[in-house]
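Please read this report alongside the coordinates. It takes the chains one by one and then turns to a contact between two of them.

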Amino acid sequence: MSVPGPAASFEAASSEVVDLRALQADTDIGSPIAELDRDLVGLAPVKQRIREIAAFLLVARARERVGLAAGPPTLHMAFTGNPGTGKTTVALRMAGILHRLGYVRKGHLVSVTRDDLVGQYIGHTAPKTKEILKRAMGGVLFIDEAYYLHRPENEKDYGQEAIEILLQVMENQREDLVVILAGYRERMASFFASNPGFRSRIAHHIDFPDYDASELLSIAELLAAQSEYRLSPAAREVMIDYITRRQQQPNFSNARSIRNALDRARLRQAMRLCAGNAVATREALQTIEAEDIRASRVFAT
Amino acid sequence: MHVTQGTFSFLPDLTDRQISDQIEYCLRQEWAVSVEFTDDVHPRNTYWEMWGIPMFDLRDAAGVMAEVRACREANPNVYVRVTAFDSTRGWETVRLSFLVQRPANEPGFRLDRLEAEGRTIRYSVHPYAADQPAGRRYKPEQANTAPGDRR
Amino acid sequence: MANSNVTKVRDAKQRYKSGVIPYATMGYWEPDYQIKNTDILAMFRVTPQEGVDPIEAAAAVAGESSTATWTVVWTDRLTACEIYRAKAYRVEAVPNTGPGTRTEAQYFAYIAYDIDLFEPGSIANLTASIIGNVFGFKAVKALRLEDMHIPVAYLKTFQGPATGIVVERERLDKFGRPLLGATTKPKLGLSGRNYGRVVYEALKGGLDFVKDDENINSQPFMHWRDRFLYCMEAVNKAQAATGEVKGHYLNVTAGTMEEMYERAEFAKQLGSVIVMIDLVIGYTAIQSMAKWARKNDMILHLHRAGNSTYSRQKSHGMNFRVICKWMRMAGVDHIHAGTVVGKLEGDPLMVKGFYDTLRSTDTQVSLQNGLFFPQDWASLNKVMPVASGGIHAGQMHQLLDYLGEDVVLQFGGGTIGHPMGIQAGATANRVALEAMVLARNEGRDIRNEGPEILRDAAAWCKPLRAALDTWGEITFNYTSTDTSDFTPTAVAV
């Protein structure tokens, strides 16, 4: 009912010819991809992979209609990359795309980590994992830092139980949900190496590269604009400097670090305004100045 | 005999597809859905056994259907129902409840009459199956001629 | 409004001089009155006598329904009379009345009453003022009580429905669909033994309830004990035959409270889940029976016998929605409130207003549905409306669409008059109902696809096919007399 399957015009087409343009229009698959292009800075290889996957799924729909080998395609995915490279955001968009193409019925995203799936004592894990799976049915289950499910150092770890339940559902209920496993590139690689069951059930691997400095600056400006702030020309210059320094530091987490830096800059801006004149112009209220960024600890070293 | 408890018991046994559609309806109303089973179908037996607690915050019927199937598998040839709970103020009660499995053979109920003074009669409804201890009331091997088309 | 320059006489000497002065100047008209949230509000439709100013007529209604008498009395000054005077605070012309229309000028008069004018927990006391002497008052040609607002403070002095929709469903173990009932026919003349036969057949066939009619009490052809005994045999046999909880509304209406209590006690002793009373027993008797029902775990059904003598005509009497309010306060669990599609009076918009009044926890103003005031129901239980009179299985989609699922649908003739017998008639109704609820929940458009859904069910259910063949085309398309004064903003299609 609520599944927006291919529209009637498409159904009525001849069994030998499929109008792919019409199918694209009917599923309105273009708009989430366009949104992805517009809203997300950089990530060119990721966007390219998503366009490929969307095209593949669209063609799978078309093949199904003309009676070519079908069966629900495996859609489970792995998103690898460093923190703050947009994995969760893209997962959310992916859920929307899969929903428009009719591969998931509801299109919501349930985002979890090990603690949501694995219990503390015997008999605790299976109900927890099943509960999460039931909530994710009809949508996408996003497991961040999925390798924590597997703790080879501890034989009696309950994570294994969660893994087995996940694998079973990923295999048997492919039409009910899509699982996306996410985490650092290298750790995911070793996780897949020791859990071949997962590797074989993942159809699409997408790697999220780190943002370069100019992309991070665009992100900073975009984030500021989204909450109706802007960087003054001087602040922009300081931000460029900030980004270069921050990238060298440990625990750099791409867009997330930029978001945090902006949040702190907003606090400093507020302090500066309160300490200054009794009145503030609209202009002043929305402008981040160089000093608001310059005060960061990043510049102390 | 055909027990007619539950919302849709005058219709042919629901298919899994139909059951799933009703669960989808419940989820759209933001009701919590649970699965319950019993081998004591007395009309006043309110508390059937719970197959887990009611499922909250689900978006799709597939999760409930998995529990329905698991409950049937573990409890063949007894009564299984799906019950939906509404937590809205002014309701806070069951809003829909329907059977999703019934035994192949339903022996029904005996009506006992105890004659009292002034032509008064004290009535008691007694399920024939209740003569057996719990768990032995409906023989698992008799069933499951799959009710309806379980797609 | 005309004459808005009428003002209260504020000088005490002038105000209390012996003689007759207009009500409006006595203090019963206060256009600037600030309504207190403990005030009881009433809205009357006033048709003034020729030459009587509408504001004076409204003030007179306020006066006569509270403290006034026809002339000035000095004893007013021994009281805090300013508080006890009801205040007409708004008067407006009724749309489509007056010059240039076919109806003489009518006015909606809004009146506020202080809560201390009324005894806590007494419908009798409330109504003695609101619909007491005032309805015979000469200055108005006709008067109709259209709506009331009862403040939470006053509502909390009433028990409210003995059982309510939620607990009724829990006790009956029936959820998610309208309940089904029928009234035994012929309503008069059957012996107890024959009467019980109808009850058994209908319940076994699939109904949840069978009902005594309003005028079946204890007559020469069937004394009440006989009826109770045979009906309960039928109810229990049907429970054993189906595994479902069943009920028969045993009418305990009688000449005195003592007799009513005796009958109700006997019904309880026999294990009945429900008893019934008629509106004509009076408000106090209804409240007493509601207390009895709460105390004895009994559902209380009210048949609205008599209401049309004062609720049907648009210009005089009272609107049924006010009866609904009073009955929810008085504490009944069921009340007949219209069918929309059946043989009895009931405009769809008006019926919606009645149903909302009975079932919602917080009613909003809806002029087109005749709800002139918001009403917070202060957690009083909900009343289950009953739809009866000339309805049949072929209308199931309309009934479900108009009335929703918290309603008892009573198919008397539509069950007992079935060509294949009473059980088949009951089965036809139950199958039609369940098929329709199933389809609605599946997201189908029952209003338009209803007939097709019924035909599909009739393909495997012979009793339903016979019912559709017999009554499928029967409709009652008469114009209602009690209709909305306001044009619906969104037209239902």
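What share of the contacts in chain B with a separation of 6 or more comes from residues 24 or more positions apart? The share is 60%. This is a predicted model.

**Chain B**

Chain B holds two helices and six strands. Read from the N terminus, the order is α-β-β-α-β-β-β-β. The C-alpha trace spans about 55 × 45 × 25 Å along its principal axes. Of the 151 residues in chain B, 37% are buried.

**Chain A: confidence and sheet**

The average pLDDT of chain A is 88, and 94% of its residues score at least 70. Residues 1-13 of chain A stay under 50. For that stretch the model has 22 contacts beyond four places in sequence.

Chain A contains an open sheet of five strands. The strand order is 2-3-4-1-5, and the pairing is parallel. Strand 2 and strand 5 of chain A each have a single partner strand, so one side of each is left without a neighbour in the sheet. Neighbouring strands of this sheet are turned by 20° against each other on average, direction ignored.

Strand 2 and strand 3 of chain A run parallel and are joined by four bridges. S111(A) stands opposite F142(A), which belongs to strand 3 of chain A.

| Helix of chain A | Residues | Strands of chain A involved | Angle |
|---|---|---|---|
| Helix 5 | residues 87-100 | strand 1, strand 2, strand 3, strand 4, strand 5 | about 165° to strand 3 |
| Helix 7 | residues 125-136 | strand 2, strand 3 | about 155° with strand 2 |

**Where chain B meets chain C**

How many residues of chain B are in contact with chain C? There are 28, and they contact 31 residues of chain C. On the chain B side, helix 1 (16-28), strand 4 (93-101), strand 5 (109-115) and strand 6 (121-127) each supply at least two residues. Strand 4 of chain B gives the most, with five residues. By type, the chain B side divides into 15 nonpolar, eight polar and five charged residues.

**Helix 7 of chain C**

The buried residues of helix 7 (residues 164-172) of chain C are G164(C), I165(C), E168(C) and R169(C). Why do they line one face of the helix? Seen down the axis of helix 7 of chain C, they fall within an arc of 165°, so they line one face. The helical repeat gives the background: an α-helix has 3.6 residues a turn, so residues three or four places apart point the same way.

The buried residues of helix 7 of chain C pack against strand 4 of chain B. They also pack against strand 9 (299-303), helix 14 (348-359) and strand 14 (384-388) of chain C. Just after helix 7 of chain C comes D173(C), with a positive phi of about 60°.

**T127(C)**

T127(C) lies in helix 5 (residues 123-130) of chain C. Its C-beta has 16 other C-beta atoms within 10 Å, so T127(C) is partly exposed. T127(C) and T363(C) are 236 residues apart in sequence. In space they are 22 Å apart, C-alpha to C-alpha.

Note on methods. Residues are numbered from 1 along each chain as its sequence is written. Chains are lettered from A and ligands numbered from 1 in the order in which they are written. This is a predicted model: local features need pLDDT of at least 70, side-chain atom pairs count only at pLDDT 80 or more; totals for chains, interfaces and linings use all residues. A residue is buried if 20 or more other C-beta atoms lie within 10 Å of its own, exposed if 12 or fewer, and partly exposed in between; C-beta atoms are placed from the backbone. Two residues are in contact if their C-beta atoms, placed from the backbone, lie within 7 Å. Two strands pair if DSSP finds at least two bridges between them. Axes are lines fitted to C-alpha atoms, for helices over the stretch in contact, and angles run from 0 to 180 degrees between N-to-C directions. Ala, Val, Leu, Ile, Met, Phe, Trp, Tyr, Cys and Pro count as nonpolar, Asp, Glu, Lys and Arg as charged, and the others, Gly among them, as polar. pLDDT is the predictor's confidence in each residue, from 0 to 100. The arc is that of the directions from the helix axis to the C-beta atoms.
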